[in-house]
Amino acid sequence: MTSESSSQPCRAADAEETFYMQCRAAYLAVFRSSLTHIASKHQLCRVLQQAGRNPSRATLNKYWTPRTSKLNFDDFCEILKCEKQTEDNELMRAFKKLDVNGDGYISHSELAKVLTTRGEKMTTDEVNAIFSIADTNKDGKLDYAEFCRLLMSTVEQCQTAALERLEADAKLKRQNFGNQSDSPPKSSTSSAAAAAAAASSSTLSQSSETPRTESDTALKKDSRPSSRPSSARSRRSSLSHTISMTSSSTKSSKVPEPTALQEWNHNSMKGCFFLEDDGSISSLQYRLHLPQTSSVYLTVQPLNLSHRPDKSSSCMTVDTALFVTSAGETKEESTLVCFTESRDKETCVWKGELSAGTYYLLPFSSGCRLRKRSKKSLSIKPVQLVYRTDTGELDLTGEFREALSDIFEVIDLDGNGLLSLEEYNFFELRTSGEKCDKEAWAVCKENFDTRRNQLTRQGFMELNLMEATEKDGDPADLWVTLEAMGYNRALELVEACPFQIDVHCEGTQPSIQPLSMDSGPRLLNQALQKSIVARAEARPLRGQDNVFVYTYRGEHRISSFIANKTNHKVTVHVNNEQSRNCCSSRGMSVFAVEVPARTKMVCQHVLPINETQDWTYCCVESILPCQ
């Protein structure tokens, strides 16, 4: 191997290191900490401008959708990889298209007409603010070459100043990736730079003949080299934990299926895990009632929606589990009863005896294998949803009908082939945020195919065709529904995982009712914490007698949990870089977790990337110094 070829990985690593240093410098010029969330579209615009980008409204809307509530530092890095920094020649080309006579100047009236009437319209005050900065001799003309130099120079000065502050401040150099909620200080970007950036962004979007497309760069969080300073990698108050796990192919289920299970009373219910914009996972909850004390065989597993017998759905790799809690008179009285620890292939199992009474069933997925769609997927050409027949009438395409059939399968919770009003309303709340009242349901029954006062699969198709017809074939609303249900523009189910719960009881008939409890996520988090604490040893961080880490080792999952018993918040730095064949629910190898005073918090879940191979969990937790 030549010295030139061997130096290429080093240069690539150096470039990555420089990129993340610049990202952090820009972020910390706007926010107090790289653990702080971007909490609004305005904040996103400010921090992108600080990084030398000039985002148009379309660009901002692409990353800050109506369902976005916050973005973190790693989201910001991903956006910067997609949105390249504006070059001065690009700005010059944009202005030259507005320079009709080619003399290098644009009059105030000419620019005002363009900026206030075309593309992303600016106000008269905004246009006047630009001229007050750029028209230095007050002759009513904009020397756009000088304006471009001013803009690029201001951006460069801001970036240089941010890097200098980062390098000079030892505290800032110890900042790490993660999430926390701090109010940002005043932006270091001057109003002049902001006005210049707004003008250049508007000018570029209005004069460009073709819209900007997203970069096809795949954004992989775990593949980048560590960009943390060496001082952040070595802590006195650190705790290392290593666990070696064997592949699933060498394991067998510890819970054998009961004999004569077919003769037991049985009930089942379907549901779906949805990946939300903030990275959390949501699902329905369920109420289980047992009239008598009984032996119970409980299972949960992903639901295979594949239409090919030789190929399983990608959802089948998503991990599932079920936590069972008692249903007290108040939610606070709910206690953990059991959870599905053992697994047989895709099915998680629990077997035991449950007393007569009512329980909550809380579905769980770690999130290790449910990931937000990459920015690249947003540029996929959408599949056609509707078309016009030879007679000119609108109809649904075969691909769309197949997706709707799968959606029907998921929302038909009891699996009877029909949608009740209750089942349909779970779907409506998910896709539109509203419920269908009894009067509207009566209209549905009059116009669409129903049976026993419930909507059939054909009726569900007719309902969606009516929505397409009312919009004259515009698929925008149809895509809102599909994306809310976890589909991408190629009609692939990528941000959701349907599942099925089966309850077998010996000697009594179980009943299951779907619920959508506001307290559901909190109850699940409490049950998850209790399951970890009950089966893991508390290990204090060195030098921190009142900060404990619990590490639960299951058959197929490792989960860690942090208990902060001090009277002040702590920030725990977590490093998984020495792990092998592992993926974390955090989506990162290195991150930080802020734990408020007297609070307990799940840190991460870890699964093998390849279940047919052995895997090693190696995690180092350490306390970051207070800022």
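Lys445 is located in helix α14 (residues 438-447); helices (H or I, at least four residues) and strands (E, at least two) are DSSP runs, numbered from the N terminus. The structure is a predicted model, in which local features need pLDDT of at least 70 and side-chain atom pairs count only at pLDDT 80 or more, while totals for chains, interfaces and linings use all residues. Residues are numbered from 1 along each chain as its sequence is written, and side-chain values use heavy atoms, with hydrogens and water left out.

Lys445 is partly exposed, at 29% relative accessibility; buried means under 20% relative accessible area, exposed over 50%, and partly exposed in between (1.4 Å probe, protein chains only). When neighbours within four places in sequence are left aside, Lys445 is in contact with Thr450 and Asn453, contact meaning heavy atoms within 4.5 Å. Gly459 is 14 residues from Lys445 along the chain, and the C-alpha atoms of the two are 8.7 Å apart.

Strands of a sheet pair through backbone hydrogen bonds, either parallel or antiparallel. Here, two strands pair if DSSP finds at least two bridges between them. Six strands form an open sheet with antiparallel pairing, in the order β6-β5-β18-β8-β12-β11. Its edges are β6 (281-282) and β11 (342-344), each of which has a single partner strand, so one side of each has no neighbour in the sheet. Within this sheet, β8 (residues 294-302) and β12 (residues 347-354) run antiparallel and are joined by seven bridges. Val300 stands opposite Cys348 in β12.

Another open sheet has five strands in the order β10-β9-β13-β7-β19, and its pairing is antiparallel. The edge positions are taken by β10 and β19 (511-515); each has a single partner strand, so one side of each is left without a neighbour in the sheet. On average, neighbouring strands of this sheet are turned by 25° against each other, direction ignored. Three bridges connect β9 (residues 321-326) with β10 in the antiparallel sense, and Val324 has Cys338 in β10 as its bridge partner. Helix α17 lies across β7 (285-290), β9, β10 and β13 (357-364), and runs at about 85° to β13. Axes are lines fitted to C-alpha atoms, for helices over the stretch in contact, and angles run from 0 to 180 degrees between N-to-C directions.

Side chains of opposite charge can pair when their charged atoms come close. A search of the whole structure gives 14 salt bridges, each defined as a side-chain nitrogen of Lys or Arg within 4 Å of a carboxyl oxygen of Asp or Glu. One of them joins Lys62 and Glu83, with the closest N and O atoms 3.0 Å apart. Lys62 lies in helix α3 (residues 57-63) and Glu83 in the loop between α4 (73-82) and α5 (88-96), so the pair ties together parts 21 residues apart in sequence. Lys62 is partly exposed at 23% relative accessible area, whereas Glu83 is buried at 3%.

Glu341 and Arg535 also form a salt bridge (3.1 Å, N to O). This pair links distant parts of the chain, 194 residues apart: Glu341 is in the loop between β10 (336-339) and β11, and Arg535 is in helix α17 (residues 520-535). Glu341 has a relative accessible area of 31% and is partly exposed; Arg535 is partly exposed at 44%. The side chains of Arg489 and Glu483 meet at 2.7 Å, N to O, in a further salt bridge. A network of salt bridges links Arg67, Glu276, Asp277 and Arg430.
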